[in-house]
Amino acid sequence: MPIETGEDTGNPWTVLTSTTKYENAWMEVVEHKVLTPKGAPGIYGVVHPRSIATGVVPIHDDGTVTLVGQYRFPLKQYSWEIPEGGGRKGLEPQESAARELREETGLTARRWMPLMKMHLSNCITDEVAYTFVAWGLEQGDSAPDETEVLAVRRLPFAEVIDLVMDGAITDAMAVASLLKLRVLVAEDALPEDLASILRL
């Protein structure tokens, strides 16, 4: 349900020209010459990813969660996250999330539920993310991309929430998805088989 603001929610920007400044296999960076909402001339750079983003919270039968750790080049620091990755536009996001889960952790899941649709860093990019919770897990072999050096850990759900609250997990998709799942647990709004696992 949309939030009523009482304000005009139309586009207040006027785009005069748009020029691609950089592109590669993963993104395009476009510079727009604009008139700002106040009518002043300006520029606005927008990053357009070639793919959507997906993430999944994998819940094991004992109530633990699998996290993935890796060094994030733009941040110059290590990051613990839920299994995440890109997906082809036009493909069902769950298919891409399942592929990433299998590649990064070796896990497959019998049960899936959508968690969130998010816009990430929406002042500079139109990237959209879809996240899920998955359970009924089976372990197989992982197959990370050649650019990935990954660590995998299993922690109780409550401990993972503590890591979010303490600021040890900062990845936006992970933080939002884990906290939403915590709210759904508190509101008894999950399928019973998943709720019974997370109540352990």
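**Briefing: pockets, a hairpin and helix packing**

The lining of the largest pocket comprises 15 nonpolar, 12 polar and 11 charged residues. The structure is a predicted model, and the largest pocket holds about 1,500 Å³ of space.

**Largest pocket**

- Of the 38 residues that line this pocket, Arg72, Pro74, Gly85, Gly86 and Glu127 are the closest to its centre.
- At least two lining residues come from each of strand E3 (41–49), strand E4 (51–58), E5, E6, strand E7 (84–88), helix H1 (93–105) and H3.

**Second largest pocket**

- The space in the second largest pocket amounts to about 200 Å³.
- Its lining consists of Asn11, Trp13, Val15, His32, Val34, Tyr44, Val46, Asn122, Cys123, Ile124, Thr125 and Asp126.
- By class, seven of these lining residues are nonpolar, four are polar and one is charged.
- Strand E2 (27–35) and E3 each contribute at least two residues to the lining of the second largest pocket; E3 also supplies at least two to the lining of the largest pocket.

- Strands E5 (residues 64–72) and E6 (residues 77–81) are paired in the antiparallel sense, with five bridges.
- Arg72 has Gln77 in E6 as its bridge partner; Arg72 is also among the residues closest to the centre of the largest pocket.
- Four residues separate the two strands of the hairpin, and Lys76, in the turn, adopts a positive phi of about 55°.

**Helix H2**

- Within H2 (residues 157–165), the buried residues are Phe157, Val160, Ile161 and Val164.
- These buried residues line one face of H2, because they fall within an arc of 100° when seen down the helix axis.
- In general, residues three or four places apart in an α-helix point the same way, because there are 3.6 residues a turn.
- The packing partners of the buried residues of H2 are E5, strand E10 (151–156), helix H3 (172–186) and helix H4 (192–198).
- Gly167 follows H2 and has a positive phi, near 80°.

**Ser177 in helix H3**

- Ser177 lies in helix H3, a helix that also supplies at least two residues of the lining of the largest pocket.
- With a relative accessible area of 0%, Ser177 falls under the 20% limit and is therefore buried.
- Apart from neighbours within four places in sequence, Ser177 contacts Val57, Ile82, Leu115, Met116, Met118 and Thr131.

Notes:
Residues numbered from 1 in each chain as written. Predicted model: local features only at pLDDT ≥ 70, side-chain atom pairs only at ≥ 80, totals over all residues. Heavy atoms only, no water. Pairing = 2+ DSSP bridges. Buried < 20%, exposed > 50% of the residue type's maximum accessible area, 1.4 Å probe, protein only. Arc of directions from axis to C-beta. Contact = heavy atoms within 4.5 Å. 1 Å grid on protein atoms, 1.4 Å probe; cavity = no way out; pocket = protein on both sides within 12 Å on 5 of 7 lines; lining within 4 Å. Points joined across faces, edges and corners; volume = space filled by probe spheres on them. Nonpolar A, V, L, I, M, F, W, Y, C, P; charged D, E, K, R; others polar.
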